[in-house]
Amino acid sequence: MKIYKDLSPSPRIIMTPGPVEVDPRVLRAMSYPILGQFDPEFTGLMNESMEMLRDIFETNNQWTYPVDGTSRSGIEAVLTSLIEHGDKVLIPIFGRFGYLLQEIAERCLAEVVTLEKEWGSVFDPEEIIRAIHREKPAIVAIVHGETSTGRLQPLREIGNACRELDILLVVDAVATLSGIPLKVDSWMLDAVIGGTQKCLSIPPGMAPITYNERAERKIQQRKKVERGLLVSGSPVSIGGHKSIQSNYLDLSQLQDYWSPARLNHHTEMTSMLYALREGMRIVLEEGLPARFDRHLEHERALVAGLEAMGLTLFGDSSCKLPVVTCINIPDGIDGESVRSMLLQQFGIEIASSFGPLKGKIWRIGTMGYSCSKRNVLLTLGALEAVLKRHGLSDLGGDGVQAAMDQYAIVN
Ligand SMILES: *Cc1c(COP(=O)(O)O)cnc(C)c1O
């Protein structure tokens with residue numbers, strides 16, 4: 001019989017746009033005993049988690065709960081539950097995750113209209129608003145923080161315009177939830193998907209979502225399937241062209257499970273819910289404004305350090321996403337070799353990118369529990385050393401010093 005070694009993941013400093021390091025409090029929470037899914041103690045935790053999530057999304061939406069699965073399960077749940085065959089969906093794209101919205105909307109048989117921006121910039125809201133007036137879509141779907149390019153799309157004006165025209169606005173806020181301001185209600189966002197393994201800093205495996213009554217109305221209109229027939233095993237009533245294709249991701253059924261009626265759907269992910277609750281408790285203890293400030297503080301130190309090293313940042317600086325910093329890989333440097341030396345010799349992980357940016361930029365995430373002074377200083381020091389080994393000889397340790405100046409570290 002083959003003997004497998006004990007599991008012993010190496011200690012890492014994770015400076016990517018997710019998954020990021022997790023507070024030991026969250027890891028401990030995941031090791032607690034299982035409770036039954038209808039045990040009042042567990043349903044109490046579910047209710048509390050909805051409450052906490054409302055605070056973090058800055059919303060009063062009743063339907064604010066996690067979908068079980070990674071962030072894209074939340075995106076897919078929202079789109080598959082909202083989009084009816086033939087609905088026109090407008091998708092402004094400025095990076096990889098915009099294409100994910102497009103792909104999912106097309107699978108939902110939407111009539112998809114896209115707008116595209118060169119990677120590294122975002123849309124002027126007016127451009128999108130003009131397209132909304134021209135196309136008159138049923139739904140607009142857009143990314144808030146595009147991690148592939150490190151850009152942040154302003155949403156407030158788009159929210160206003162969609163509300164005026166009675167269009168539903170769906171937002172992928174996977175990368176931004178609890179890292180930078182995201183005001184679901186005051187920006188008039190109708191359905192928003194967050195992430196766990198990014199700024200919320202819990203393991204991947206859940207997708208917190210929130211949606212308002214406008215979104216709920218569209219979902220409920222489609223719910224023609226009688227639950228009784230479903231239970232009796234007859235599929236004949238399913239599959240009308242209005243009905244929601246997915247069972248697992250059907251928000252009308254998920255919300256019944258999260259409602260006081262507790263209609264059975266899947267089995268809630270017990271240990272992940274413990275993790276989510278503990279992770280959110282940490283966020284709320286820190287306070288959202290302080291948490292946003294912390295993300296900005298470490299971004300500033302990181303950027304000061306990188307620039308002092310003579311590196312240049314990728315993309316339009318006026319729309320930089322504070323939690324992801326994209327660096328142009330210097331000419332003649334093998335980006336993958338640098339990343340690999342950082343990981344092998346220092347235990348530090350930074351990210352590459354996708355599509356047109358593959359091999360051109362590195363991405364450093366400063367998210368959640370990973371977003372700390374220690375991590376920023378260690379990453380800068382290690383990157384400096386590794387770049388020197390790769391032949392960039394004029395680096396003199398200025399990066400770490402500049403970051404220390406930014407932190408106002410004196411002896
Ligand atoms: C990470 C990310 C996703 C996908 O998340 P998964 O958890 O990998 O499914 C979607 N959108 C954005 C903006 C992301 O940063």
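**View 1. Helices α3 and α4 at the lining of the largest pocket.** In this predicted model, helix α3 (71–82) and helix α4 (96–107) each supply at least two residues of the lining of the largest pocket. The space in the largest pocket comes to about 330 Å³, and of the 19 residues that line the pocket, the closest to its centre are Pro 17, Arg 72, Phe 97, Gln 197 and Lys 198.

**View 2. The open sheet of seven strands.** Read across the sheet, the strands follow the order β2-β10-β9-β8-β5-β3-β4, and their pairing is mixed. The edge strands are β2 (63–68) and β4 (111–116), each of which pairs on one side only, and from one strand to the next the twist averages 20°. As a general point, strands of a sheet pair through backbone hydrogen bonds, and they may do so in either a parallel or an antiparallel way. Strand β9 (residues 191–193) and strand β10 (residues 206–211) run antiparallel and are joined by three bridges, and here Ala 191 stands opposite Tyr 211 in β10.

**View 3. Helices α5 and α9 against the strands.** Helix α5 (residues 125–135) packs on the sheet, where it touches β3 (88–93), β4 and β5 (139–143), and the direction of helix α5 makes about 160° with that of β3. Helix α9 (residues 251–258), for its part, lies across β2 and β10, and it runs at about 110° to β2.

**View 4. The largest cavity and its lining.** A search of the whole structure finds one cavity of 30 Å³ or more, and the largest cavity has a volume of about 30 Å³. Its lining is made by Val 67, Asp 68, Tyr 248, Leu 254 and His 266, and these residues divide into three nonpolar, one polar and one charged.

View 5. Pro 19 has its place in the loop between β1 (13–15) and α1 (24–29). For background, most peptide bonds are trans, and most residues other than glycine have a negative phi.

View 6. Asp 166 counts as exposed because its relative accessibility of 58% is over 50%. Arg 262, which is not a glycine either, has a positive phi of about 50°, and Arg 262 is found in the loop between α9 and α10 (270–286). Arg 262 counts as buried because its relative accessibility of 13% is under 20%.

**View 7. Pro 356 and Gly 95.** Pro 356 lies in the loop between β12 (348–350) and β13 (361–365). Its relative accessible area is 49%, and Pro 356 is therefore partly exposed, since that value falls between the limits of 20% and 50%. Although Pro 356 and Gly 95 are 261 residues apart in sequence, they are 9.5 Å apart in space, taken from C-alpha to C-alpha.

Technical notes. Residues numbered from 1 in each chain as written. Predicted model: local features only at pLDDT ≥ 70, side-chain atom pairs only at ≥ 80, totals over all residues. Heavy atoms only, no water. Pairing = 2+ DSSP bridges. Helix = DSSP H or I, 4+ residues; strand = E, 2+ residues; numbered from the N terminus. Axes fitted to C-alpha atoms, helices over the stretch in contact; angles between N-to-C directions. Contact = heavy atoms within 4.5 Å. Buried < 20%, exposed > 50% of the residue type's maximum accessible area, 1.4 Å probe, protein only. 1 Å grid on protein atoms, 1.4 Å probe; cavity = no way out; pocket = protein on both sides within 12 Å on 5 of 7 lines; lining within 4 Å. Points joined across faces, edges and corners; volume = space filled by probe spheres on them. Nonpolar A, V, L, I, M, F, W, Y, C, P; charged D, E, K, R; others polar.
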